[in-house]
Amino acid sequence: MLRRAGPSLRHFLLERNSSAGHSSCSREAKMSRPVQARRLEGIDKNIWVEFVKLAATYSKVNLGQGFPDFPAPDFLREALTRALSGGNHMLHQYTRAFGHPPLVKVLAQFFEKLLGRDLDPMTNVMVTVGAYQALFCCFQALVDEGDEVIIIEPFFDCYEPMVKMAGGTPVFVPLRPNPPKDGKLMSSADWQLDPAELASKFSERTKAIVLNSPNNPLGKVFSRGELGLIAELCVKHDVLCISDEVYEWLVYDGKQHIRIASLQGMWERTVIIGSAGKTFSATGWKVGWVVGPDRLLQHLRTVHQNSVYHCATIAQEAVAQGFQRELMLYGKPESYFVQLPKELQQKRDWLIQSLDGVGMKPIIPEGTYFLVADISPFKSDVPDVPNSDEPYDSRFAKWMVKNKGLAAIPLSAFYSEAHKNNYTNFIRFCFAKEEATLKAASDILQKWKQEKTSS
Ligand code: PMP
Ligand code: GLN
(Lines give C-alpha, C1' and ligand atoms only; values in the text may rest on other atoms or scores of the structure.)
(Ligands and ions follow the chains in the order given, each with its own letter.)
Protein backbone atom coordinates (compact mmCIF):
# COMPACT_ATOMS: atom_id res chain seq x y z
CA MET A 1 0.00 0.00 0.00
CA LEU A 2 2.69 2.45 1.04
CA ARG A 3 4.66 1.77 -2.10
CA ARG A 4 1.59 2.30 -4.24
CA ALA A 5 0.59 5.49 -2.43
CA GLY A 6 2.93 7.59 -4.60
CA PRO A 7 5.96 9.64 -3.61
CA SER A 8 4.27 12.59 -1.93
CA LEU A 9 1.95 10.62 0.37
CA ARG A 10 4.74 8.20 1.14
CA HIS A 11 7.06 11.03 2.03
CA PHE A 12 4.39 12.56 4.23
CA LEU A 13 3.76 9.32 6.09
CA LEU A 14 7.42 8.61 6.62
CA GLU A 15 8.01 12.10 7.96
CA ARG A 16 5.03 11.81 10.27
CA ASN A 17 6.12 8.39 11.56
CA SER A 18 9.61 9.52 12.32
CA SER A 19 8.38 12.36 14.54
CA ALA A 20 7.86 11.76 18.29
CA GLY A 21 4.49 10.59 19.59
CA HIS A 22 3.42 8.60 16.50
CA SER A 23 4.60 5.14 17.41
CA SER A 24 1.27 3.49 16.54
CA CYS A 25 1.21 5.16 13.11
CA SER A 26 4.74 3.93 12.58
CA ARG A 27 3.67 0.34 13.16
CA GLU A 28 0.71 0.75 10.82
CA ALA A 29 2.79 2.26 8.05
CA LYS A 30 5.36 -0.54 8.28
CA MET A 31 2.65 -3.16 8.19
CA SER A 32 1.04 -1.74 5.08
CA ARG A 33 4.16 -2.14 2.94
CA PRO A 34 3.85 -5.21 0.68
CA VAL A 35 6.52 -7.57 1.95
CA GLN A 36 6.04 -10.51 -0.39
CA ALA A 37 7.90 -10.54 -3.69
CA ARG A 38 5.50 -10.96 -6.61
CA ARG A 39 7.24 -14.12 -7.76
CA LEU A 40 5.86 -15.91 -4.69
CA GLU A 41 2.23 -15.23 -5.55
CA GLY A 42 0.16 -18.41 -5.60
CA ILE A 43 2.93 -20.80 -4.58
CA ASP A 44 2.71 -20.53 -0.80
CA LYS A 45 0.94 -23.90 -0.27
CA ASN A 46 3.03 -27.05 -0.15
CA ILE A 47 1.71 -30.59 0.01
CA TRP A 48 4.71 -31.91 2.00
CA VAL A 49 4.51 -29.23 4.65
CA GLU A 50 0.80 -29.99 5.04
CA PHE A 51 0.93 -33.79 4.99
CA VAL A 52 4.14 -34.21 6.98
CA LYS A 53 2.44 -32.24 9.75
CA LEU A 54 -0.76 -34.29 9.48
CA ALA A 55 1.23 -37.52 9.57
CA ALA A 56 3.23 -36.35 12.60
CA THR A 57 0.02 -35.42 14.42
CA TYR A 58 -2.26 -38.33 13.55
CA SER A 59 -0.57 -41.24 11.84
CA LYS A 60 0.15 -44.61 13.38
CA VAL A 61 1.50 -45.80 10.05
CA ASN A 62 3.14 -43.36 7.66
CA LEU A 63 3.19 -44.32 3.98
CA GLY A 64 3.01 -40.67 2.93
CA GLN A 65 6.17 -38.65 2.30
CA GLY A 66 8.74 -40.77 0.47
CA PHE A 67 11.56 -41.95 2.69
CA PRO A 68 12.74 -45.39 3.82
CA ASP A 69 12.10 -46.32 7.46
CA PHE A 70 14.85 -48.99 7.23
CA PRO A 71 18.47 -48.03 7.86
CA ALA A 72 20.83 -46.71 5.21
CA PRO A 73 23.35 -49.45 4.24
CA ASP A 74 26.16 -50.25 6.70
CA PHE A 75 28.92 -49.31 4.23
CA LEU A 76 27.50 -45.80 3.92
CA ARG A 77 27.07 -45.28 7.65
CA GLU A 78 30.56 -46.62 8.24
CA ALA A 79 31.93 -44.22 5.62
CA LEU A 80 30.31 -41.32 7.47
CA THR A 81 31.70 -42.52 10.81
CA ARG A 82 35.17 -42.80 9.27
CA ALA A 83 34.91 -39.32 7.78
CA LEU A 84 33.74 -37.91 11.10
CA SER A 85 36.29 -39.52 13.38
CA GLY A 86 39.22 -40.13 11.02
CA GLY A 87 42.39 -38.08 10.90
CA ASN A 88 41.32 -35.61 8.21
CA HIS A 89 40.00 -32.68 10.22
CA MET A 90 39.67 -30.67 7.00
CA LEU A 91 36.51 -32.69 6.27
CA HIS A 92 34.86 -30.38 8.79
CA GLN A 93 35.72 -27.33 6.67
CA TYR A 94 34.54 -25.94 3.34
CA THR A 95 35.38 -27.89 0.23
CA ARG A 96 35.24 -27.03 -3.47
CA ALA A 97 32.13 -24.94 -4.27
CA PHE A 98 30.87 -27.12 -7.14
CA GLY A 99 31.49 -30.43 -5.43
CA HIS A 100 33.96 -32.15 -3.13
CA PRO A 101 36.71 -33.44 -5.49
CA PRO A 102 36.43 -37.15 -4.48
CA LEU A 103 32.67 -37.04 -5.10
CA VAL A 104 32.69 -35.29 -8.48
CA LYS A 105 35.52 -37.61 -9.59
CA VAL A 106 33.70 -40.81 -8.73
CA LEU A 107 30.40 -39.49 -10.11
CA ALA A 108 32.18 -38.71 -13.38
CA GLN A 109 33.65 -42.23 -13.46
CA PHE A 110 30.27 -43.75 -12.71
CA PHE A 111 28.39 -41.74 -15.32
CA GLU A 112 31.10 -42.37 -17.93
CA LYS A 113 30.15 -46.03 -17.56
CA LEU A 114 26.42 -45.35 -17.67
CA LEU A 115 26.49 -42.91 -20.58
CA GLY A 116 29.38 -44.36 -22.55
CA ARG A 117 31.21 -41.03 -22.91
CA ASP A 118 34.17 -39.24 -21.33
CA LEU A 119 33.31 -36.78 -18.57
CA ASP A 120 35.31 -34.04 -16.89
CA PRO A 121 34.57 -34.16 -13.14
CA MET A 122 35.15 -30.41 -12.84
CA THR A 123 32.87 -29.23 -15.62
CA ASN A 124 30.38 -32.05 -16.29
CA VAL A 125 29.34 -32.70 -12.68
CA MET A 126 28.11 -30.44 -9.89
CA VAL A 127 27.03 -31.39 -6.37
CA THR A 128 23.88 -29.81 -4.90
CA VAL A 129 21.86 -29.82 -1.69
CA GLY A 130 19.67 -32.71 -2.75
CA ALA A 131 17.94 -33.02 -6.08
CA TYR A 132 15.71 -30.13 -5.00
CA GLN A 133 18.57 -27.64 -5.31
CA ALA A 134 19.67 -29.24 -8.56
CA LEU A 135 16.19 -28.58 -9.96
CA PHE A 136 16.16 -25.04 -8.60
CA CYS A 137 19.55 -24.31 -10.24
CA CYS A 138 18.28 -25.66 -13.57
CA PHE A 139 15.19 -23.48 -13.66
CA GLN A 140 16.97 -20.36 -12.42
CA ALA A 141 19.86 -20.83 -14.82
CA LEU A 142 18.01 -21.90 -17.96
CA VAL A 143 14.50 -20.40 -17.88
CA ASP A 144 13.80 -16.77 -18.66
CA GLU A 145 10.74 -14.54 -18.37
CA GLY A 146 8.25 -15.66 -21.01
CA ASP A 147 9.83 -19.05 -21.65
CA GLU A 148 7.58 -22.09 -21.64
CA VAL A 149 8.53 -25.31 -19.88
CA ILE A 150 6.68 -28.54 -20.70
CA ILE A 151 5.80 -30.64 -17.66
CA ILE A 152 4.37 -34.16 -17.96
CA GLU A 153 1.40 -34.73 -15.60
CA PRO A 154 1.27 -36.16 -12.97
CA PHE A 155 4.57 -34.62 -11.86
CA PHE A 156 6.70 -34.12 -8.75
CA ASP A 157 4.98 -31.04 -7.38
CA CYS A 158 7.91 -28.59 -7.10
CA TYR A 159 8.48 -28.34 -10.87
CA GLU A 160 5.54 -25.97 -11.31
CA PRO A 161 6.42 -23.38 -8.61
CA MET A 162 10.10 -23.53 -9.57
CA VAL A 163 9.29 -22.72 -13.21
CA LYS A 164 7.07 -19.87 -12.06
CA MET A 165 9.71 -18.47 -9.70
CA ALA A 166 12.08 -18.32 -12.66
CA GLY A 167 9.48 -16.28 -14.58
CA GLY A 168 8.59 -19.12 -16.93
CA THR A 169 5.20 -20.56 -17.88
CA PRO A 170 4.52 -24.25 -17.25
CA VAL A 171 2.74 -26.04 -20.10
CA PHE A 172 1.23 -29.35 -19.06
CA VAL A 173 0.84 -32.52 -21.06
CA PRO A 174 -0.88 -35.53 -19.47
CA LEU A 175 -0.01 -39.17 -19.21
CA ARG A 176 -3.35 -40.74 -20.12
CA PRO A 177 -4.46 -44.05 -18.58
CA ASN A 178 -5.36 -46.93 -20.84
CA PRO A 179 -6.79 -49.57 -18.49
CA PRO A 180 -6.31 -53.18 -19.66
CA LYS A 181 -9.54 -54.73 -20.94
CA ASP A 182 -8.96 -58.18 -19.46
CA GLY A 183 -9.72 -57.07 -15.88
CA LYS A 184 -6.04 -57.25 -14.91
CA LEU A 185 -4.54 -54.63 -12.61
CA MET A 186 -3.38 -51.50 -14.37
CA SER A 187 0.35 -50.90 -14.65
CA SER A 188 2.19 -47.58 -14.73
CA ALA A 189 3.10 -48.56 -18.32
CA ASP A 190 -0.60 -48.16 -19.18
CA TRP A 191 -0.24 -44.41 -18.59
CA GLN A 192 1.03 -42.95 -21.83
CA LEU A 193 1.62 -39.72 -23.66
CA ASP A 194 -0.43 -39.03 -26.76
CA PRO A 195 2.29 -38.33 -29.35
CA ALA A 196 0.24 -35.73 -31.25
CA GLU A 197 -0.76 -33.98 -28.03
CA LEU A 198 2.86 -33.90 -26.87
CA ALA A 199 4.04 -32.51 -30.22
CA SER A 200 1.36 -29.79 -30.06
CA LYS A 201 2.88 -28.41 -26.82
CA PHE A 202 6.24 -27.59 -28.44
CA SER A 203 6.53 -24.10 -29.90
CA GLU A 204 9.08 -21.30 -30.40
CA ARG A 205 8.50 -20.32 -26.80
CA THR A 206 9.42 -23.75 -25.41
CA LYS A 207 12.76 -23.60 -23.61
CA ALA A 208 12.76 -26.94 -21.81
CA ILE A 209 10.87 -30.12 -20.99
CA VAL A 210 11.03 -31.77 -17.59
CA LEU A 211 11.29 -35.54 -17.75
CA ASN A 212 11.00 -37.66 -14.62
CA SER A 213 11.69 -41.33 -15.30
CA PRO A 214 11.09 -43.36 -13.19
CA ASN A 215 8.18 -41.08 -12.49
CA ASN A 216 6.96 -39.92 -9.10
CA PRO A 217 4.06 -40.58 -8.32
CA LEU A 218 3.05 -43.29 -10.86
CA GLY A 219 6.28 -45.26 -10.97
CA LYS A 220 6.26 -45.16 -14.77
CA VAL A 221 9.56 -46.05 -16.42
CA PHE A 222 9.58 -44.43 -19.85
CA SER A 223 10.35 -46.87 -22.68
CA ARG A 224 13.01 -46.32 -25.33
CA GLY A 225 10.22 -45.51 -27.82
CA GLU A 226 8.65 -42.89 -25.55
CA LEU A 227 12.05 -41.32 -24.82
CA GLY A 228 12.85 -41.36 -28.53
CA LEU A 229 9.71 -39.38 -29.24
CA ILE A 230 10.58 -36.76 -26.60
CA ALA A 231 14.18 -36.61 -27.84
CA GLU A 232 13.09 -36.11 -31.45
CA LEU A 233 10.88 -33.17 -30.45
CA CYS A 234 13.64 -31.64 -28.30
CA VAL A 235 16.09 -31.78 -31.19
CA LYS A 236 13.54 -30.53 -33.73
CA HIS A 237 12.57 -27.51 -31.60
CA ASP A 238 15.99 -26.92 -29.99
CA VAL A 239 14.59 -27.57 -26.51
CA LEU A 240 16.52 -28.48 -23.35
CA CYS A 241 15.68 -31.52 -21.23
CA ILE A 242 15.79 -31.39 -17.44
CA SER A 243 15.91 -35.09 -16.65
CA ASP A 244 15.06 -35.90 -13.05
CA GLU A 245 16.40 -39.43 -12.57
CA VAL A 246 16.48 -39.63 -8.77
CA TYR A 247 14.87 -43.11 -8.87
CA GLU A 248 17.29 -44.42 -11.54
CA TRP A 249 18.21 -47.57 -9.56
CA LEU A 250 14.69 -48.39 -8.44
CA VAL A 251 13.29 -50.31 -11.41
CA TYR A 252 11.53 -53.66 -11.24
CA ASP A 253 10.62 -56.79 -13.21
CA GLY A 254 13.86 -56.67 -15.20
CA LYS A 255 12.93 -53.29 -16.71
CA GLN A 256 15.78 -51.06 -17.79
CA HIS A 257 16.17 -47.40 -16.90
CA ILE A 258 17.18 -45.66 -20.12
CA ARG A 259 18.96 -42.31 -19.84
CA ILE A 260 17.59 -39.83 -22.36
CA ALA A 261 21.03 -38.16 -22.49
CA SER A 262 22.33 -41.31 -24.19
CA LEU A 263 19.93 -40.86 -27.13
CA GLN A 264 21.12 -39.19 -30.32
CA GLY A 265 21.37 -35.42 -30.11
CA MET A 266 20.43 -35.32 -26.44
CA TRP A 267 23.67 -35.10 -24.43
CA GLU A 268 24.27 -31.47 -25.42
CA ARG A 269 20.76 -30.44 -24.32
CA THR A 270 20.19 -32.54 -21.20
CA VAL A 271 20.89 -32.02 -17.52
CA ILE A 272 20.66 -35.26 -15.50
CA ILE A 273 19.62 -34.90 -11.87
CA GLY A 274 20.33 -37.47 -9.15
CA SER A 275 19.96 -37.86 -5.39
CA ALA A 276 22.02 -39.75 -2.81
CA GLY A 277 18.87 -39.65 -0.68
CA LYS A 278 17.15 -42.07 -3.06
CA THR A 279 20.27 -43.89 -4.27
CA PHE A 280 21.57 -44.82 -0.81
CA SER A 281 18.33 -44.67 1.23
CA ALA A 282 19.54 -41.59 3.14
CA THR A 283 17.06 -38.83 2.31
CA GLY A 284 18.13 -36.70 5.27
CA TRP A 285 21.66 -36.25 3.95
CA LYS A 286 20.47 -34.00 1.13
CA VAL A 287 23.27 -34.71 -1.29
CA GLY A 288 22.29 -34.41 -4.95
CA TRP A 289 24.05 -33.82 -8.25
CA VAL A 290 23.74 -32.73 -11.82
CA VAL A 291 25.57 -34.28 -14.76
CA GLY A 292 25.62 -32.62 -18.17
CA PRO A 293 27.54 -30.64 -20.76
CA ASP A 294 29.62 -27.69 -19.60
CA ARG A 295 27.67 -25.31 -21.87
CA LEU A 296 24.64 -25.90 -19.58
CA LEU A 297 26.36 -26.59 -16.26
CA GLN A 298 28.39 -23.36 -16.38
CA HIS A 299 25.13 -21.46 -15.86
CA LEU A 300 24.02 -23.77 -13.05
CA ARG A 301 27.36 -23.03 -11.39
CA THR A 302 26.55 -19.30 -11.55
CA VAL A 303 23.30 -19.88 -9.66
CA HIS A 304 25.00 -22.21 -7.19
CA GLN A 305 27.96 -19.92 -6.42
CA ASN A 306 25.59 -17.04 -5.75
CA SER A 307 23.13 -18.89 -3.59
CA VAL A 308 24.19 -22.07 -1.76
CA TYR A 309 27.86 -21.94 -2.81
CA HIS A 310 28.88 -25.25 -1.25
CA CYS A 311 27.35 -28.39 0.27
CA ALA A 312 28.23 -30.22 3.51
CA THR A 313 31.74 -31.66 3.05
CA ILE A 314 31.40 -34.64 5.34
CA ALA A 315 28.23 -35.94 3.71
CA GLN A 316 29.86 -35.56 0.27
CA GLU A 317 32.91 -37.51 1.47
CA ALA A 318 30.75 -40.39 2.69
CA VAL A 319 28.65 -40.45 -0.50
CA ALA A 320 31.89 -40.48 -2.53
CA GLN A 321 32.98 -43.59 -0.64
CA GLY A 322 29.58 -45.15 -1.22
CA PHE A 323 29.99 -44.62 -4.97
CA GLN A 324 33.56 -45.95 -4.91
CA ARG A 325 32.23 -49.16 -3.42
CA GLU A 326 29.44 -49.34 -5.98
CA LEU A 327 31.86 -48.71 -8.84
CA MET A 328 33.92 -51.69 -7.71
CA LEU A 329 30.86 -53.92 -7.38
CA TYR A 330 29.10 -52.60 -10.48
CA GLY A 331 26.55 -55.13 -11.76
CA LYS A 332 27.56 -57.73 -9.12
CA PRO A 333 25.01 -59.34 -6.78
CA GLU A 334 26.61 -57.61 -3.73
CA SER A 335 26.06 -54.15 -5.26
CA TYR A 336 23.55 -52.03 -3.31
CA PHE A 337 22.16 -50.84 -6.64
CA VAL A 338 21.34 -54.48 -7.43
CA GLN A 339 20.13 -55.46 -3.96
CA LEU A 340 17.94 -52.46 -3.15
CA PRO A 341 15.55 -52.83 -6.12
CA LYS A 342 15.26 -56.57 -5.40
CA GLU A 343 14.20 -55.89 -1.83
CA LEU A 344 11.88 -53.08 -2.86
CA GLN A 345 10.24 -55.23 -5.52
CA GLN A 346 9.26 -57.71 -2.81
CA LYS A 347 7.81 -54.91 -0.71
CA ARG A 348 5.96 -53.58 -3.75
CA ASP A 349 4.48 -57.00 -4.48
CA TRP A 350 3.46 -57.46 -0.88
CA LEU A 351 1.65 -54.11 -0.81
CA ILE A 352 0.03 -54.78 -4.19
CA GLN A 353 -1.44 -58.03 -2.85
CA SER A 354 -2.58 -56.42 0.32
CA LEU A 355 -4.28 -53.49 -1.42
CA ASP A 356 -5.85 -55.72 -4.04
CA GLY A 357 -7.15 -57.92 -1.23
CA VAL A 358 -9.19 -55.08 0.25
CA GLY A 359 -10.33 -53.81 -3.15
CA MET A 360 -8.11 -50.72 -3.24
CA LYS A 361 -6.90 -51.53 -6.75
CA PRO A 362 -3.22 -50.63 -7.12
CA ILE A 363 -1.52 -49.42 -10.30
CA ILE A 364 1.59 -51.62 -10.52
CA PRO A 365 4.63 -49.35 -10.59
CA GLU A 366 7.55 -50.31 -12.84
CA GLY A 367 9.89 -48.15 -10.75
CA THR A 368 10.31 -45.76 -7.75
CA TYR A 369 9.13 -46.66 -4.26
CA PHE A 370 5.63 -45.33 -4.74
CA LEU A 371 2.40 -47.00 -5.62
CA VAL A 372 -0.87 -45.32 -6.59
CA ALA A 373 -4.12 -47.05 -5.57
CA ASP A 374 -7.81 -46.58 -6.35
CA ILE A 375 -9.82 -45.62 -3.24
CA SER A 376 -13.26 -46.12 -4.80
CA PRO A 377 -14.49 -48.96 -2.51
CA PHE A 378 -13.81 -46.85 0.59
CA LYS A 379 -15.32 -43.62 -0.64
CA SER A 380 -18.70 -44.10 1.03
CA ASP A 381 -17.11 -43.34 4.42
CA VAL A 382 -15.92 -39.94 3.25
CA PRO A 383 -18.84 -38.19 1.59
CA ASP A 384 -18.24 -35.86 -1.32
CA VAL A 385 -18.76 -32.13 -0.77
CA PRO A 386 -20.14 -30.73 -4.04
CA ASN A 387 -18.41 -27.58 -5.35
CA SER A 388 -15.62 -27.83 -2.80
CA ASP A 389 -12.33 -26.18 -3.75
CA GLU A 390 -10.46 -29.14 -2.32
CA PRO A 391 -10.15 -32.21 -4.57
CA TYR A 392 -11.91 -35.29 -3.20
CA ASP A 393 -8.74 -37.40 -2.84
CA SER A 394 -7.18 -34.73 -0.63
CA ARG A 395 -10.16 -34.75 1.73
CA PHE A 396 -10.09 -38.54 1.68
CA ALA A 397 -6.38 -38.72 2.57
CA LYS A 398 -6.88 -36.23 5.42
CA TRP A 399 -9.86 -38.16 6.72
CA MET A 400 -7.91 -41.42 6.50
CA VAL A 401 -4.93 -40.18 8.52
CA LYS A 402 -7.17 -38.56 11.14
CA ASN A 403 -9.64 -41.44 11.50
CA LYS A 404 -7.62 -44.53 10.58
CA GLY A 405 -4.10 -43.39 11.42
CA LEU A 406 -2.78 -44.26 7.94
CA ALA A 407 -0.93 -41.54 6.01
CA ALA A 408 -0.80 -41.40 2.20
CA ILE A 409 -0.59 -38.59 -0.38
CA PRO A 410 -3.51 -37.60 -2.67
CA LEU A 411 -2.72 -37.98 -6.38
CA SER A 412 -4.16 -34.51 -7.09
CA ALA A 413 -1.06 -33.06 -5.37
CA PHE A 414 0.84 -34.09 -8.50
CA TYR A 415 -1.42 -32.18 -10.88
CA SER A 416 -1.59 -28.51 -11.86
CA GLU A 417 -4.41 -26.38 -10.42
CA ALA A 418 -6.42 -26.66 -13.64
CA HIS A 419 -6.23 -30.46 -13.71
CA LYS A 420 -6.42 -31.30 -10.00
CA ASN A 421 -9.93 -32.62 -10.36
CA ASN A 422 -9.17 -34.96 -13.26
CA TYR A 423 -8.22 -37.94 -11.11
CA THR A 424 -9.54 -37.72 -7.58
CA ASN A 425 -9.96 -41.43 -6.85
CA PHE A 426 -6.33 -42.19 -6.15
CA ILE A 427 -3.82 -41.92 -3.32
CA ARG A 428 -0.07 -42.61 -3.31
CA PHE A 429 1.61 -44.97 -0.85
CA CYS A 430 5.37 -45.20 -0.21
CA PHE A 431 6.49 -48.83 0.15
CA ALA A 432 10.15 -48.22 1.11
CA LYS A 433 9.25 -49.48 4.58
CA GLU A 434 10.07 -52.24 7.03
CA GLU A 435 7.90 -55.35 6.75
CA ALA A 436 6.27 -54.51 10.10
CA THR A 437 5.23 -51.06 8.80
CA LEU A 438 3.67 -52.51 5.66
CA LYS A 439 1.92 -55.18 7.74
CA ALA A 440 0.55 -52.51 10.10
CA ALA A 441 -0.81 -50.57 7.10
CA SER A 442 -2.40 -53.71 5.75
CA ASP A 443 -4.01 -54.46 9.15
CA ILE A 444 -5.58 -50.99 9.22
CA LEU A 445 -7.04 -51.45 5.74
CA GLN A 446 -8.33 -54.96 6.45
CA LYS A 447 -10.02 -53.87 9.67
CA TRP A 448 -11.57 -50.93 7.85
CA LYS A 449 -12.84 -53.21 5.09
CA GLN A 450 -14.35 -55.62 7.68
CA GLU A 451 -16.09 -52.76 9.49
CA LYS A 452 -17.56 -51.66 6.18
CA THR A 453 -18.85 -55.10 5.21
CA SER A 454 -20.32 -55.81 8.66
CA SER A 455 -22.08 -52.44 8.97
N1 PMP B 1 12.77 -35.30 -7.69
C2 PMP B 1 11.86 -36.23 -7.39
C3 PMP B 1 11.09 -36.90 -8.49
C4 PMP B 1 11.61 -36.57 -6.06
O5 PMP B 1 10.69 -37.49 -5.76
C6 PMP B 1 12.33 -35.91 -5.04
C7 PMP B 1 12.02 -36.23 -3.61
N8 PMP B 1 13.06 -36.77 -2.98
C9 PMP B 1 13.29 -34.96 -5.41
C10 PMP B 1 13.47 -34.67 -6.74
C11 PMP B 1 14.11 -34.24 -4.38
O12 PMP B 1 15.16 -35.05 -3.94
P13 PMP B 1 16.13 -34.68 -2.70
O14 PMP B 1 15.50 -35.25 -1.49
O15 PMP B 1 17.44 -35.30 -3.05
O16 PMP B 1 16.21 -33.18 -2.67
N1 GLN C 1 10.26 -36.95 -2.90
C2 GLN C 1 9.58 -37.33 -1.70
C3 GLN C 1 8.16 -37.71 -2.03
O4 GLN C 1 7.72 -37.59 -3.15
C5 GLN C 1 9.64 -36.27 -0.62
C6 GLN C 1 9.24 -34.91 -1.07
C7 GLN C 1 9.39 -33.88 0.01
O8 GLN C 1 9.52 -34.18 1.17
N9 GLN C 1 9.34 -32.66 -0.35
O10 GLN C 1 7.46 -38.15 -1.17
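Predicted model: local features only at pLDDT ≥ 70, side-chain atom pairs only at ≥ 80, totals over all residues.
A pair of aromatic rings is described by the distance of the centres and the angle of the planes. The count for this model comes to 29 aromatic pairs, and one of them is formed by Phe155 and Tyr159, which are stacked at 6.4 Å centre to centre with 25° between the planes. Both partners are out of the solvent by the accessibility criterion: Phe155 is buried because its relative accessible area is 2%, and Tyr159 is buried because its relative accessibility is 1%. Compare that with Trp191 and Phe426, an aromatic pair that is edge-to-face, again with 6.4 Å given from centre to centre, but with 75° between the planes. Trp191 and Phe426 are both buried. If you want to find a cluster on the screen, look for Phe75, Phe110, Trp249, Phe280, Trp289, Phe323, Tyr330, Tyr336 and Phe337, which are linked by ring pairs.

Now, the ligands. Which residues come nearest to ligand 1? Of the 14 residues around ligand 1, these are Asp244, Tyr247, Ser275, Lys278 and Lys286. As for individual atom pairs, an oxygen atom of ligand 1 is 2.5 Å from an N or O atom in the side chain of Tyr247, and a nitrogen atom of ligand 1 has a polar side-chain atom of Lys278 at 2.8 Å. The backbone takes part as well, with a polar backbone atom of Ala131 at 2.8 Å from an oxygen atom of ligand 1.

Ligand 2 is surrounded by Trp48, Gln65, Gly66, Tyr132, Phe156, Asn216, Tyr247, Lys278, Phe370 and Arg428. Within that group, an N or O atom in the side chain of Gln65 is 2.6 Å from an oxygen atom of ligand 2, while at Gly66 a polar backbone atom is 2.6 Å from an oxygen atom of ligand 2. Asn216 contributes a polar side-chain atom, which lies 2.9 Å from an oxygen atom of ligand 2.

Asn216 brings me to the backbone geometry. Most residues other than glycine have a negative phi, and most peptide bonds are trans. Here, a cis peptide bond joins Asn216 and Pro217, with omega at about 20°, and the bond from Ser213 to Pro214 is also cis, with omega near -10°. Pro214 is found in the loop between strand 7 (206–212) and helix 9 (224–237), and Pro217 lies in the loop between strand 7 and helix 9.

Turning to phi, Asp238 has a positive value of about 55° although it is not a glycine, and its place is the loop between helix 9 and strand 8. Thr368 is found in the loop between strand 11 (362–363) and strand 12 (370–374).

Glu248 is found in the loop between strand 8 (240–244) and strand 9 (270–275), and it is buried because its relative accessible area is 3%. Leaving aside neighbours within four places in sequence, Glu248 is in contact with Phe111, Leu114, Pro214, His257, Arg259 and Trp289. With one of these, Arg259, the side chain of Glu248 makes a polar contact, side chain to side chain, of 2.8 Å.

Gln133 lies in helix 6 (residues 130–142), and it counts as buried because its relative accessibility is 8%. Which side chain does the side chain of Gln133 meet in a polar contact of 2.8 Å? That partner is His304. Not counting residues up to four places away in sequence, Gln133 touches Thr128, His304, Val308 and Cys311.

Finally, the annotation: an unreviewed UniProt entry lists residues 60–441 as "domain: Aminotransferase class I/classII large". Over residues 60–441 the chain is 37% helix and 16% strand, and the end C-alpha atoms are 9 Å apart.

Terms used. Residues numbered from 1 in each chain as written. Chains lettered and ligands numbered in written order. Heavy atoms only, no water. Helix = DSSP H or I, 4+ residues; strand = E, 2+ residues; numbered from the N terminus. Buried < 20%, exposed > 50% of the residue type's maximum accessible area, 1.4 Å probe, protein only. Polar contact = N/O pair within 3.5 Å; in protein donor to acceptor, adjacent residues only side chain to side chain. Contact = heavy atoms within 4.5 Å. Phe/Tyr/Trp six-rings, centres within 6.5 Å; stacked < 30°, edge-to-face > 60°. UniProt positions renumbered as here; feature names shortened; annotations may be inferred. Near = heavy atom within 4 Å.
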